[in-house]
Amino acid sequence: MNLGIKDEAFVRGKVPMTKEEVRILTLVKAQIAADAVIYDVGAGTGSLSIEAARLAPAGHVYAIEKNPEGISLITENAKHFGVENMTVVEGTAPAAMEGLPALDVALIGGSGRNLADILDIIGERLRPAGRIVINAITMQTVAACLDYFHIHAEHYTYEAIQVQISRLERIGPYDMAKALNPIYIITAQRK
């Protein structure tokens with residue numbers, strides 16, 4: 001299955017969506033196997049969930065989202081792309097993660113200030129060599145991630161990158177770069 005569904009192909013509302021280029025990098029960092037169990041915490045429109053489900057046809061994705069509009073968009077996008085190996089979980093993490101199975105990959109795009117609690121629960125269920133990929137737009141989230149992985153260094157190795165995507169936009173006879181928000185992608189792997 002190819003990565004990189006065009007942003008325009010998704011049904012969108014006012015809920016934030018992980019942009020195509022960032023989705024591609026996130027999914028490459030996640031190293032999703034065909035039979036992986038994946039949590040997508042703060043799934044938004046479900047763009048990452050959809051692409052992850054397509055990469056894991058024999059696996060399953062749990063798209064966790066608290067926003068009712070997001071729940072509707074995830075459901076609509078799953079139908080639009082014919083994704084059946086995904087369960088939409090409505091609620092706030094970490095409480096919404098109760099009862100979910102062991103996992104291979106966690107994608108975190110929103111944590112509602114509960115990042116450490118979410119990572120604790122993921123850590124209890126994450127299989128050996130499992131991966132956590134966190135997309136952060138604020139320095140506070142980056143700092144919280146780094147603090148967490150420093151404290152839990154005996155369990156994880158990690159790396160962090162910052163990416164800035166600019167897309168060319170036609171302005172009259174010219175092409176001008178239009179910048180998207182910079183994103184930090186923090187990837188941790190269980191030792």
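This is a predicted model: local features need pLDDT of at least 70, side-chain atom pairs count only at pLDDT 80 or more; totals for chains, interfaces and linings use all residues.
Local features are described only where pLDDT is at least 70, and side-chain atom pairs count only at pLDDT 80 or more, while totals for chains, interfaces and linings use all residues. Residues are numbered from 1 along each chain as its sequence is written, and side-chain values use heavy atoms, leaving out hydrogens and water.

Let's start with the sheet. Seven strands make up an open sheet, in the order β3-β2-β1-β4-β5-β9-β6, and the pairing is mixed. Helices (H or I, at least four residues) and strands (E, at least two) are DSSP runs numbered from the N terminus, and two strands pair if DSSP finds at least two bridges between them. At the edges sit β3 (86–90) and β6 (156–163), each of which pairs on one side only. On average, neighbouring strands of this sheet are turned by 15° against each other, direction ignored. For angles like this, axes are lines fitted to C-alpha atoms (for helices over the stretch in contact), and the angles run from 0 to 180 degrees between N-to-C directions.

What holds strands side by side? Strands of a sheet pair through backbone hydrogen bonds, either parallel or antiparallel. Take β1 and β4 (residues 103–108): they pair in the parallel sense over four bridges. Val-41 stands opposite Ile-108 in β4.

Now for the helices. Helix α1 (residues 20–30) packs on the sheet and touches β4, β5 (126–136), β6 and β9 (183–190), where a contact means heavy atoms within 4.5 Å. The direction of α1 makes about 160° with that of β5. Helix α3 (residues 68–81) lies across β2 (60–65) and β3, running at about 170° to β3.

Which residues of helix α4 (residues 115–125) are buried? They are Leu-115, Ile-118, Leu-119, Ile-121, Ile-122 and Gly-123. Buried means under 20% relative accessible area, exposed means over 50%, and partly exposed is in between (1.4 Å probe, protein chains only). The buried residues of α4 pack against β1, β4, β5, α5 (139–151), β6 and β9.

Thr-45 counts as buried because its relative accessibility is 0%. Leaving aside residues up to four places away in sequence, Thr-45 touches Val-11, Val-15, Pro-16, Met-17, Leu-73, Ile-74 and Asn-77.

On to the charged side chains. The structure holds nine salt bridges, each being a side-chain nitrogen of Lys or Arg within 4 Å of a carboxyl oxygen of Asp or Glu. One of them joins Arg-23 and Asp-7 (3.0 Å, N to O). Arg-23 is in helix α1 and Asp-7 in the segment before α1, 16 residues apart, and both are buried. Another joins Glu-21 and Arg-167 (2.8 Å, N to O). Glu-21 lies in helix α1 and Arg-167 in strand β7, so this pair ties together parts that are 146 residues apart in sequence. Glu-21 is partly exposed at 24% relative accessibility, and Arg-167 is partly exposed at 27%. Asp-7, Glu-21, Arg-23, Glu-51 and Arg-167 are linked in a network of salt bridges.

Finally, look at strand β7 (residues 166–171), where Ile-171 is found. Ile-171 is partly exposed, with a relative accessible area of 39%.
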